[in-house]
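These exercises concern aromatic rings and their surroundings. Work through each task before reading its solution.

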Amino acid sequence: MAEKRTEITDLGEFGLIERVKSSFSLQNSTSLVGIGDDAALIACGEEYLLVTTDMLLESVHFDLSYMPLQHLGYKAVVANVSDIAAMNGKPGQITVALAFSNRFSLEAIDSVYDGIRSACENYKVDLVGGDTSASASGLVISITALGRVSKGKETLRSTAKMNDIICVTGDLGAAYLGLQVLEREKQVFLTNPEMQPDLEKYEYLVGRQLRPEARMDIVHELADKEVVPTAMIDISDGLASELLHLSKSSGVGIKIFEDKVPIDAGAFETAIEFKIDPITCALNGGEDYELLFTIAPSDYEKLKNHPDIHFIGHVHNNPQQNVMLTKQETIVPLKAQGWNHFS
Ligand code: ADP
Ligand code: MG
């Protein structure tokens, strides 16, 4: 009889992670939160230690024909710092694992580290180690970040409460549209190498794709205003996917309003140009690295005039009802398309 073979696509990325999570139990009392949040939470003296890993692979997460190596190094750090920010923590150290073939020169590797250094300076993080290996195909960069958060100030995915207000920072969907622009210009270039890419009009979108920032500024401002979100997650896979993570982890329902979801004017126009509904980009585009968090209604006054925090909906008590009220006043279910690398 043939051995049973299950395709990973049957589970998907999140199903696989769930499976791993349920097949391991935590043995140490210091392991407070393991798999399932933006970073692990570990008891460590007066504070909590945060640990997170993020990996970027050539041809899966980036294309070197338009991703400068320096930006790649920067972005790989940002993806990790963003997960520390999502726990309301401050990053302290990173380790960098790099694998590459002889297609890469010393100068190329230097460029990756120039970007890493630049991010280390901006986010005040120290590079303290890593690993180096040959790679049979393509460039792989995997970073682990360590951070810290004061006890009681940590923001998990699992603690959103009924009636909380749902907040997002910045604007959404631009990084995805930046990628669409870069892909289109690449195709134009492949067909006609004489053509120069026309990116000026799309500078903001392309910048959001190639050189994102982690919202540590928001973490500091929340602390200044003495607001501790009831729950928080960073938006790396798309707003809808992250909202559903909050719903599932917290056992609550989500209602958002389409007209409250922040979309940059240029992103809106570019979505139309690509014949994509702008809200689809905001809900399902990835890599915005903005923060999605919930606050108690009593904290609304403290944040209501913040120019970069948007109030997009609220939390209710039915975890089966995760919905958006559209501009046409119809209720649609939130669906996670996100980035499923196995589909
Ligand atoms: P994020 O988008 O915040 O980086 P992910 O969706 O990558 O989070 O991961 C969700 C959770 O699953 C995290 O807690 C992460 O540490 C954990 N995780 C992801 N992949 C694995 C794996 N292969 N083994 C164990 N834990 C994993
Ligand atoms: Mg995250």
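Buried means under 20% relative accessible area, exposed means over 50%, and partly exposed lies in between (1.4 Å probe, protein chains only). The model is predicted, so local features need pLDDT of at least 70 and side-chain atom pairs count only at pLDDT 80 or more, while totals for chains, interfaces and linings use all residues. Residues are numbered from 1 along each chain as its sequence is written, chains are lettered from A and ligands numbered from 1 in the order in which they are written, and side-chain values use heavy atoms, without hydrogens and water.

**Exercise 1.** Classify the pair formed by Tyr74 and Tyr123.

Step 1. Rings of Phe, Tyr and Trp (its six-membered ring) pair if their centres lie within 6.5 Å; planes under 30 degrees apart are stacked, over 60 edge-to-face, and the rest tilted.
Step 2. The whole structure has 2 aromatic pairs. In the pair of Tyr74 and Tyr123, the centres are 6.3 Å apart and the planes stand at 50°, so this pair is tilted.

**Exercise 2.** State whether Tyr74 and Tyr123 are buried or exposed.

Step 1. Tyr74 has a relative accessible area of 1%, so Tyr74 is buried.
Step 2. Tyr123 has 10%, so Tyr123 is buried.

**Exercise 3.** Classify the pair of Tyr300 and Phe311, then the accessibility of each residue.

Step 1. The centres of Tyr300 and Phe311 are 4.9 Å apart with 75° between the planes, an edge-to-face pair.
Step 2. Tyr300, at 33% relative accessibility, is partly exposed.
Step 3. Phe311, at 17%, is buried.
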